[in-house]
Amino acid sequence: MKNIKYIAVAVATLFMSCDADEFLNPIPDTVVVEESFFQTDADVEAGILGIYDALQGVNENTTTNIGRANRGMQFEHLLTEHRTDNTRNATLEGSKSDFHRYVVNANNVESEDFYQSMYEVIFRANNIFKFIPIADAGNQARYSAEAKFLRAYAYFKLVRLFGDVPLVTEVVGVEDKEALFTRIPVAEIYAQIVEDLQEAVAVLDNTHKSRASKAAAQGILAKVYLSLPNPDYTAAQQLCEAIIASGDFALQSNFSDVFYNELNDEIIFALQYDFGNPLESQSFSSEFTSSVRQGREDGQNIVNDNLVADFSAFGGVRGPQSFINLGSSIEVTKFLPEGSDITVSPPTYGENPRNAGNDYIALRYADVLLMHVEAAIGPGTSTTDAGAVQSFLQIRDRAFPDTAPNALTTVSKEELLTERRVELAFENQRWFDLLRFDEADNVLSDHADEMGYVFSPRALLLPIPDREINLSDGLLTQNPGY
């Protein structure tokens, strides 16, 4: 699969930290290397692309050490999808199985890695601001807006998963522990996220799908407004309607094409990977296989029966294109590695599944259409808004083509949550949806009872990694219950 080459070897070397213990504010190898590298507009753009590399993360098949590898988004399904009623790990062994059973502790290496990875993104963004003046005058505003979009994107992940977190908006010395490790209230983190994304909306255009764009900033900002402690439904609705009115995006007629016709008209923002390239590929696709083991472990994202039931009732054509029952396991098919043929027995998964090129889809048009409905419902329980109902029907008509055009005059909040579940299954949205809809405690308590897990409200936030608390000399505090 084709991708933007996110980072050159020289830039990768530049961004490596000399002190591996300082993830909140890693220091470049030497000031001399840093100052000598950034000399031209192209150098600054390479630094911008290096921020995407931190999001892209390191393929687990390439660097197998479980600690401090900066996997980026490649572990996100563990922290999100596995903590919902959607999926689980195939086994009970190892720290990756802790998420679906709600027993994650402050020493969990995958949670720690994600926390550190997002701060690596933030550091790289903060670092590049020093060199924006070197860029061509016509590019400076765009580079700054792009870096702020990526910083906001990382903070949006952190604040929803960990709650109050340190807010670092510039490169500061490692001796300044107060700046690096003081937890800042959620409201202040969100204020910075909104400010950064508003700049991105004002400056960027829709040239790119695998880099920050105006529509990506609008869509993420809409989701931010919906996620605020006091949601701004009107602002979210206006942003969704702006994306819709732009005419730059459309649903794919074939649901499967969303995932295998990359950077298609439905994609608003995606992180790209390169098949077969150990340095630019991803390994999460192979880990979703279980019937015939293709990953390093026995299978992740094994589909729960209650999700299968929702697909049967509400999924339409999306079911067979989202998962398959292979008898010994129910596996995700949205992200099958290249060359897979699951119609044969035993199923095959391509030449090099552990170096897969499937894109990570951060935001697509279907999500925006459903957020449009969510914003129209607002604090209520349903909407009859004609525009919002039409947005919902676009999703429903694709899922049920035999009865299209389907007829609806109202959409309830319950219907919307279910529609988001089957439309966006395995795309790491369910956890955040349950939080926004204020259904996490109810749904997950019932799910835990059904599966024999023990769920408590503390699980709504992940623990701050113990390692970071130790580095802070106790300044960084822990979430309740851990």
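Reply: In this predicted model, a salt bridge joins Arg430 to Asp85, with 3.0 Å between the closest N and O atoms. Arg430 belongs to helix α18 (residues 430–436), while Asp85 sits in the loop between α4 and β1 (87–88), so the pair ties together parts that are 345 residues apart in sequence. Both ends are enclosed: Arg430 is buried because its relative accessible area is 7%, under the 20% limit, and Asp85 is buried at 5%.

A second pair is formed by Glu423 and Arg318, whose side chains meet in a salt bridge of 2.8 Å, N to O. Here too distant parts of the chain are linked: Glu423 is in helix α17 and Arg318 in helix α14, 105 residues apart. Glu423 is buried, with a relative accessible area of 0%, and Arg318 is buried as well, at 1%. These two residues also belong to a network of salt bridges, which links them with Glu266, Lys334, Arg364, Arg396, Arg398, Glu419 and Glu427. The count of salt bridges in the model comes to 29.

In helix α13 (residues 305–314) the buried residues are Asn306, Leu307, Asp310 and Phe311. They lie on the same side of α13, because the arc they cover around the axis is only 145°. Asp305 and Ser312 are exposed on the other side of α13. Just after α13, Gly316 takes a positive phi of about 60°.

A further salt bridge connects Glu76 and Lys157, and its closest N and O atoms are 2.6 Å apart. Glu76 is in helix α4 (residues 76–79) and Lys157 in helix α6, 81 residues apart, which again links distant parts of the chain. Glu76 and Lys157 are both buried.

Beyond its neighbours within four places in sequence, Leu158 is in contact with Tyr115, Met118, Tyr119, Ile122, Gly163 and Val165.

Helix α5 (residues 109–128) also contains Ser117. Ser117 is buried, at a relative accessible area of 0%. Its side chain reaches the backbone nitrogen of Arg71 at 3.4 Å.

Strand β4 (residues 267–271) is largely enclosed by the rest of the structure, because 5 of its 5 residues are buried. Strands β4 and β10 (residues 360–364) run antiparallel and are joined by 4 bridges. In this pairing, Ala270 stands opposite Ile361 in β10.

Methods. Residues are numbered from 1 along each chain as its sequence is written. This is a predicted model: local features need pLDDT of at least 70, side-chain atom pairs count only at pLDDT 80 or more; totals for chains, interfaces and linings use all residues. Side-chain values use heavy atoms; hydrogens and water are left out. Buried means under 20% relative accessible area, exposed over 50%, partly exposed in between (1.4 Å probe, protein chains only). Helices (H or I, at least four residues) and strands (E, at least two) are DSSP runs, numbered from the N terminus. Two strands pair if DSSP finds at least two bridges between them. Contact means heavy atoms within 4.5 Å. A polar contact is a pair of N or O atoms within 3.5 Å; within protein, one must be able to donate a hydrogen and the other to accept it, and residues adjacent in sequence count only if both atoms are side-chain atoms. The arc is that of the directions from the helix axis to the C-beta atoms. A salt bridge is a side-chain nitrogen of Lys or Arg within 4 Å of a carboxyl oxygen of Asp or Glu.
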